Amino acid sequence: MWLALAALVAAEGVAGAAVVYRIDFERTLSESSGSPGTSAITQSGWTSSAANNNAPTTTTTVPTPAGVTVTAGGAGGYFQGRGGGTWGTVSVTDADWDDVVGDTIAARGGDGTVTISFTGLNTALDYTFTAWHNVSATDSPSFSAGFYTITPTITTGTLVGLATAGAASNIDKNAIGVVAADFSNSVITFTPDGSGNATVLLTSASASQFLTLGGMELVSVPEPSSMVLMLGGTMVALVRRRRS
Ligand SMILES: [Ca+2]
Ligand SMILES: [Ca+2]
Ligand SMILES: [Ca+2]
């Protein structure tokens with residue numbers, strides 16, 4: 001019974017979590033990448049946010065939906081986009097974000113940080129932020145050099161629980177048998193401040209001060225009381241299933 005319940009909850013992920021933003025960071029789609037049809041591919045259902053590969057040094061922020069600002073940290077920091085050509089979709093057998101990890105932007109030239117600021121959040125909810133950090137080509141090793149750690153912290157708002165540090169990975173588009181667990185994402189949960197604002201600071205341990213950012217997701221987490229209600233509903237459903 002309890003095993004079945006646990007399995008059900010696991011299968012549904014964070015039960016009742018609602019997606020607020022899903023952003024696929026990638027190379028500017030209109031920018032030629034050597035041959036037609038080899039540009040970055042935006043993940044279905046996600047919002048594209050792109051930076052140029054060529055001459056990108058003035059790109060300190062990337063286009064994002066209202067309520068989100070993504071900034072490369074430090075004096076001289078900028079974003080460069082990579083996708084298409086030798087880069088491409090990674091076949092992740094148990095996840096639906098293959099095109100998120102197939103392209104990326106990287107913060108470089110600054111202090112190895114990226115700031116992601118949110119406005120207009122619900123002050124009564126917790127939110128979980130996840131960032132992906134993969135390089136899908138083997139000929140751009142500098143973006144993933146050393147597979148550096150990326151640490152998330154909250155600079156506006158309040159941390160909830162423990163943060164999980166991510167790491168840059170170099171799983172390329174030709175890799176076979178890739179699963180979601182092969183990627184080391186940065187994950188952090190927070191409550192916004194009293195005005196509905198929150199800021200996530202990502203800090204790279206890269207000696208060359210790169211921070212590879214392939215995608216980000218923000219989901220709202222149900223309050224504990226509603227979690228109990230949902231678990232109760234699951235129990236009732238299970239009992240009914242056993243009786244029928
Ligand atoms: Ca993409
Ligand atoms: Ca997949
Ligand atoms: Ca991406």
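Guide: A nonpolar core is a set of buried Ala, Val, Leu, Ile, Met, Phe, Trp, Tyr and Cys residues joined through C-beta atoms within 7 Å, where buried means that 20 or more other C-beta atoms lie within 10 Å of the residue's own, exposed means 12 or fewer, and partly exposed lies in between, with C-beta atoms placed from the backbone. The model here is predicted, so that local features need pLDDT of at least 70 and side-chain atom pairs count only at pLDDT 80 or more, whereas totals for chains, interfaces and linings use all residues. Residues are numbered from 1 along each chain as its sequence is written, and chains are lettered from A and ligands numbered from 1 in the order in which they are written.

Visitor: Which residues touch the most other members of the largest nonpolar core?

Guide: That core has 53 residues, and those touching the most other members are F79, A106, V114, Y127, L211 and L213. Taking contact to mean C-beta atoms, placed from the backbone, within 7 Å, and leaving aside residues up to four places away in sequence, Y127 touches V20, L121, T189, F190, A198, L218, V219, S220 and V221.

Visitor: How should I read the sheets, and in what order do the five strands stand?

Guide: Strands are DSSP runs (E, at least two residues), as helices are (H or I, at least four), numbered from the N terminus, and two strands pair if DSSP finds at least two bridges between them. Here the five strands form an open, antiparallel sheet in the order β3-β6-β12-β8-β10. Because β3 and β10 (166-167) each have a single partner strand, they stand at the edges, with one side of each left without a neighbour in the sheet.

Visitor: How many bridges join β8 and β12?

Guide: Strand β8 (residues 149-156) pairs with β12 (residues 198-204) in the antiparallel sense over six bridges, I154 having V200 as its bridge partner. Between β8 and β10 there are two bridges, also antiparallel, and T149 stands opposite A167. At β3, the antiparallel pairing with β6 (residues 113-118) runs over five bridges, with V68 opposite F118.

Visitor: What is the order of the three-stranded open sheet?

Guide: Its order is β4-β5-β13, with antiparallel pairing. Strand β5 (residues 104-108) pairs with β13 over three bridges, and A106 stands opposite T212.

Visitor: Is T58 buried or exposed?

Guide: T58, in the loop between β2 (47-51) and β3 (68-72), is exposed because 8 other C-beta atoms lie within 10 Å. Its C-alpha atom is separated by 9.7 Å from that of Q80, 22 residues apart along the chain.

How values were computed
Contact = placed C-beta atoms within 7 Å.
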